Amino acid sequence: MGSIGPQEQDYDVLIVGAGLSGIYSLYNIRKQIPSWRVKVIEAAESVGGTWLWNCYPGARFDSETISYQFSWDKELLQEWNWKDTFSAQPDTLKYIERVCEKHNLYDGIQFNTRVKSAHWQDTDCTWLFIDENSFRYRTRFFVSCMGVLSCPTLPAIPGIKTFEGQAFHTSRWPKDFDMKRDFANKRIGVIGTGATGIQTITETSKEPSIQSLTVFQRTPNWSAPLRNTKITPGQMEKIKMEYDAIFRRCASTPTGFLHQPDPRKTHEVPPEERVELWEKCYAEPGFAKWLGVFSDTYTDREANKLYSDFMADKIRQRVHDPAVADSLIPKNHGFGTRRVPLESGYFEAFNQSNVHLVDLQKTPVETVTPKGILTSDGKEHELDILVYATGFDAITGAFNPIEWHGKDDRPLIGSSDTELGKRAVWLDHRPYTYLGLMIPSFPNMFTVLGPHQPFGNIPRSIENAVQVVTQLLEFCKQENYTFVEATAEAADKWTEHVVECSKGALSNEIDSWMTGVNTNVPGKRVRSVARYGGSAVEYRKRCQQCRAAGWEGFHFA
Ligand code: NA7
């Protein structure tokens with residue numbers, strides 16, 4: 001790819017993405033290797049990534065706020081006062097902006113820049129990136145911080161372009177939206193009932209001025225109470241004194257959250273005592289009800305069935321119409337085998353006379369029409385606004401829109417149906433990595449929160465990945481290496497280990513973004529193992545062992 005031209009910038013490290021991963025990468029690499037030229041390019045107009053794009057009504061953490069922030073800035077931990085046990089999106093975005101201001105990160109970020117292609121240059125061991133405006137960026141090293149859920153997908157149903165009302169995806173919510181003004185007297189439809197749909201539907205249902213809300217549900221999801229509360233100034237002061245212990249606890253749990261599973265197995269415990277634990281967890285805020293229950297809940301089919309039955313009863317108690325309750329109870333997967341969305345009155349929304357559930361398993365969508373949605377029973381559901389809460393091309397998805405030319409011109413993602421696709425390193429979207437950090441044939445390229453990393457408590461995973469990547473870069477600098485690549489042997493072994501870790505998990509038996517399935521993306525209909533299913537403790541141990549063994553599994557030159 002040609003020589004350096006006037007429109008070409010040159011860096012030691014180029015980072016793509018200015019969400020939590022990208023801003024911490026910028027901060028840490030700058031801090032550890034101050035002499036290097038580091039740059040972030042970002043498609044959006046500002047920082048925040050997921051927490052910038054997802055500004056739909058009701059968007060908030062369902063991870064505990066106090067465990068979901070950067071642990072490395074002790075000063076900011078003492079300065080920052082959180083309002084909610086589960087922070088709302090605008091507050092999280094303010095926090096991220098404060099991190100960037102405090103550490104002067106804005107001057108290292110170029111906004112409104114979307115990468116179109118990436119070309120490995122064998123001659124001088126650099127990457128050449130080209131953006132949508134044909135600007136070129138040459139860099140020795142590249143850190144991908146493009147996010148796990150950053151590429152929204154619209155449903156593959158006919159007619160979506162014909163709709164004459166307003167229609168948008170939840171992660172492309174209209175700017176300056178005002179619920180009272182924009183939803184008043186409107187007939188609103190929401191397709192999708194994942195974590196996003198559940199938050200959007202609940203919040204919308206609470207707006208008294210809407211005319212109606214119609215929920216189009218293809219697969220019901222298990223969901224349970226979030227139980228958000230305000231953090232009082234007194235509580236905040238106490239939390240500030242406990243941060244060391246909070247992050248130590250996160251470091252000791254399999255998912256990086258504050259919750260440790262109960263080590264007992266379901267059948268070791270008498271039935272009344274089981275119910276006592278389930279009730280206790282159900283009454284607690286946050287993920288206790290997902291992550292704090294018996295250790296075999298997500299591997300033992302019978303144990304999972306018992307807990308799912310308990311949860312199904314909770315739904316029946318909350319939804320007045322038994323037929324609606326039945327539609328809302330998942331039948332094809334057990335509780336917790338998909339990522340559990342937490343809710344704040346979701347089930348009660350269906351008791352309102354202006355909220356309607358359309359069970360797409362009984363009456364599938366035929367087509368979107370100019371006026372609304374036509375289902376197989378011949379009914380046209382008329383709508384003014386249609387919201388697509390239909391999720392993302394997850395994990396490998398952010399890499400998908402970029403044209404990759406790795407070593408020997410290998411593509412990154414490809415379909416086995418095509419000759420070119422067969423040479424792809426992630427054939428049919430199946431990730432192949434070493435430690436989830438590097439990909440053979442893609443030298444000098446690192447992934448933070450890439451496939452094969454643990455995705456539990458996201459900031460905890462990000463901090464570890466950024467620290468390991470920075471250490472690797474420091475090692476290259478010290479040793480004057482201009483080339484680093486994961487060996488095929490190391491990637492084979494690691495990919496096998498990741499597959500091994502996922503065995504026995506009931507979550508493998510259901511389609512979800514976690515198992516790499518998205519029916520709206522061609523080539524993503526078959527399940528794959530895209531995330532590290534072992535414990536985050538084990539993952540970090542393996543990263544440390546690799547470093548202690550002189551970065552075993554990497555080839556340097
Ligand atoms: P999810 O969890 O992937 O949910 C997407 C939802 O959209 C889900 O209910 C899908 O039903 C539904 N969907 C997708 N395509 C269609 C079509 N074609 N027709 C009808 N319904 C459809 O995405 P979210 O944004 O809610 O959450 C992603 C993560 O963000 C979440 O797990 C948290 O970690 C934060 P399906 O189940 O596929 O039948």
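These legends walk through several close-up views of one structure.

The model is predicted: local features are described where pLDDT is at least 70, side-chain atom pairs count only at pLDDT 80 or more, and totals for chains, interfaces and linings use all residues. Residues are numbered from 1 along each chain as its sequence is written, and side-chain values use heavy atoms, with hydrogens and water left out.

**View 1. Strand β8 between its two partners.**
Let us begin with strand β8, residues 187–191. Helices (H or I, at least four residues) and strands (E, at least two) are DSSP runs, numbered from the N terminus. Because 4 of its 5 residues are buried, β8 is largely enclosed by the rest of the structure. Here buried means under 20% relative accessible area, exposed means over 50%, and partly exposed lies in between (1.4 Å probe, protein chains only). Two strands pair if DSSP finds at least two bridges between them. Strand β9 (residues 212–217) runs parallel to β8 and is joined to it by 5 bridges. Strand β16 (residues 385–388) also pairs with β8 in the parallel sense, over 4 bridges. Look for Val190: its bridge partner in β9 is Val215, while in β16 Val190 stands opposite Val387.

**View 2. Helix α6 and its residue Ser205.**
Helix α6 (residues 195–205) is mostly covered, with 9 of its 11 residues buried. Among them are Thr196, Gly197, Ile198 and Gln199. Ser205 is found in this helix too, and its relative accessible area of 4% means that it counts as buried. Which residues touch Ser205, leaving aside neighbours within four places in sequence? They are Ile210, Leu213, Ala349, Gln352 and Val355, where contact means heavy atoms within 4.5 Å.

A polar side-chain atom of Arg218 lies 2.8 Å from an oxygen atom of the ligand. For Arg339, an N or O atom of the side chain is 3.1 Å from a ligand oxygen atom. Asn520 places a polar side-chain atom 2.8 Å from a nitrogen atom of the ligand. Taken alone the ligand exposes 780 Å², and the protein buries 83% of that; accessible areas come from the Shrake-Rupley method with a 1.4 Å probe, and for residues only the protein chains shown count as cover.

**View 3. Pro220 in its loop.**
Pro220 sits in the loop between β9 and β10 (224–225). Is this residue buried or exposed? Its relative accessibility is 5%, so Pro220 counts as buried. Beyond its neighbours within four places in sequence, Pro220 is in contact with Ser327, Leu328, Ile329, Pro330, His333 and Gln361.

**View 4. Lys331 and two backbone oxygens.**
Lys331 is found in the loop between α12 (322–328) and β11 (342–343). With 57% relative accessibility, Lys331 counts as exposed. A polar atom of the Lys331 side chain lies 2.5 Å from the backbone oxygen of Asp326. The backbone oxygen of Ile329 is 2.7 Å from a polar atom of the Lys331 side chain.

Terms used. Polar contact = N/O pair within 3.5 Å; in protein donor to acceptor, adjacent residues only side chain to side chain.
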